[in-house]
Amino acid sequence: MAPTRRSDGERARGFRDWAATGLIVILVPALLLPLLIARGSGASLGATPNPAMPGARVVVTGTGFEAHQAGMITFDGAPSQVADYRTSKAGAFEVAFLIPDGAVEGRHTVSAVPGARGNGKARGAALAAGASGVLASVVLMVSATTSDLPAPSQPPVTPPASGSVASVSPTAIGSATAAVSGSPAAAGTVSAAASPSAGSSSAPAAWQPSFPVRAAFYYPWFPEAWRQSGIYPFSRFHPSSGFYDGGASSVIASHIDAMTYGRIGVGIASWWGQGSATDRRISSLLNATGDRQFRWTVYYEPEGQRDPSVAELHDDLVYLRDHYAGSSAFERVNGRFVVFVYADGQDGCAMASRWHQANAGVNAYVVLKVFSGYAACSDQPDEWHQYAP
């Protein structure tokens, strides 16, 4: 049978069909190529909150990195603003750092740079490599400074009615409560016994709460932290004290009143190191305490971000001793000033050993955060605590 000739219309339709098929063949790879390139480029970073304010805590998440890789997070490449990270088996990590107080408004670069954790030589080499050594970066916007915040409202605080639940200061929202047991074997347990007397009765200068001690983690991050991610106020709640200035003596006094009402004897104030915004608040906390039955200590935060050297830890302990521990409002056990220490997920017995060495000659009463296998470490601190609900 002779082949049938196709009409011009049929040929046109055939050409359109072929062209459409060809277009699909061409376009599908074209559309997929950017996705494949993005997938193949590997590492990526995220920062939350973004934008954020100077002095704010920013959480950096990394994905697509090599497994079990150590490195550093840099802020505009400055060595003084480094946080360490170590990736998981899946090549991911999460660390936090504080935006420098002096950071100017605008765009800043947060980068992941390879380098051994706590290894000064590797750190210096990686930072000297500049952009060529950067694995991934994210742009972080720094928003308005604290001078742009509205003046905090501080209405009178009405004491809770008898039998009602006392509300500890909003600075402690989401935090944990710690109890120092007097025995490392009982680390992290919260005793129901109330250590200090409730209320704000006066105490002699030598007064200290007796074991078991009930303490609360306290965050002197305000008013800076009321604005985050461009949101003000950064809270679902309206504090009874308003969006207060945590450095004001009247605000601190009201917080101490709330804690003593709740039979809390010690405030463990977040401390990010010498010269930080939290460092400048410690004197205010101590001065506002007066002769009340309440004491303060610090929560050493840098250990949760990196592995400070023995020399750095020793220097910080001496600083705390010489600048704050002489106050009658500072917590002491058997005459030794108390320091709580945070930890990251990678810390182990080496951390306990560093603190043991750093405390030589200082004689601080060191309370480390527990980690897996803490009880078997050869170097034991004075106490252990857990930071968890």
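**Salt bridges and helix packing**

Reply: A start from one residue: in this predicted model, Asp307 has 22% relative accessibility and so counts as partly exposed.

Me: Which residues does the network of salt bridges with shared partners join?
Reply: Salt bridges that share partners link four side chains into one network. One of the bridges pairs Arg354 with Asp307, at 3.4 Å from N to O. The members of the network are Glu303, Asp307, Asp347 and Arg354.

Me: How many residues apart in sequence are the parts that Arg354 and Asp307 tie together?
Reply: Arg354 sits in helix H6, residues 349-358. Asp307 sits in the loop between E11 and helix H5 (310-323). The pair therefore ties together parts separated in sequence by 47 residues.

Me: Is Arg354 buried or exposed?
Reply: Buried requires a relative accessible area under 20%. Arg354 has 13%, so the class is buried.

Me: What class does Arg306 fall in, given its relative accessible area?
Reply: Arg306 forms a salt bridge with Glu312, with the closest N and O atoms 2.6 Å apart. Glu312 is at 28% relative accessibility and counts as partly exposed. Arg306 has 21%, so it is partly exposed.

Me: Where are Arg292 and Asp257, and how many residues apart are they?
Reply: Their side chains meet in a salt bridge, 2.6 Å from N to O. Arg292 is in the loop between H4 and strand E11 (295-300), and Asp257 is in helix H3. The pair links distant parts of the chain, and the separation is 35 residues.

Me: At what angle do the axes of H3 and H4 cross?
Reply: Two packed helices are described by the angle and the distance between their axes. Here H3 covers residues 249-261 and H4 residues 277-289. Their axes come within 9 Å, and the crossing angle is roughly 65 degrees.

Me: How many charged residues are in the contact of H3 with H4?
Reply: H3 contributes Ser249, Ile252 and Ile256, and H4 contributes Ser284, Leu285, Ala288 and Thr289. By class, four are nonpolar and three polar. The number of charged residues is none.

Me: What share of the 389 residues is buried?
Reply: The protein chain has six helices and 15 strands. The buried share of the residues is 43%.

Methods: Residues numbered from 1 in each chain as written. Predicted model: local features only at pLDDT ≥ 70, side-chain atom pairs only at ≥ 80, totals over all residues. Heavy atoms only, no water. Helix = DSSP H or I, 4+ residues; strand = E, 2+ residues; numbered from the N terminus. Buried < 20%, exposed > 50% of the residue type's maximum accessible area, 1.4 Å probe, protein only. Axes fitted to C-alpha atoms, helices over the stretch in contact; angles between N-to-C directions. Contact = heavy atoms within 4.5 Å. Nonpolar A, V, L, I, M, F, W, Y, C, P; charged D, E, K, R; others polar.
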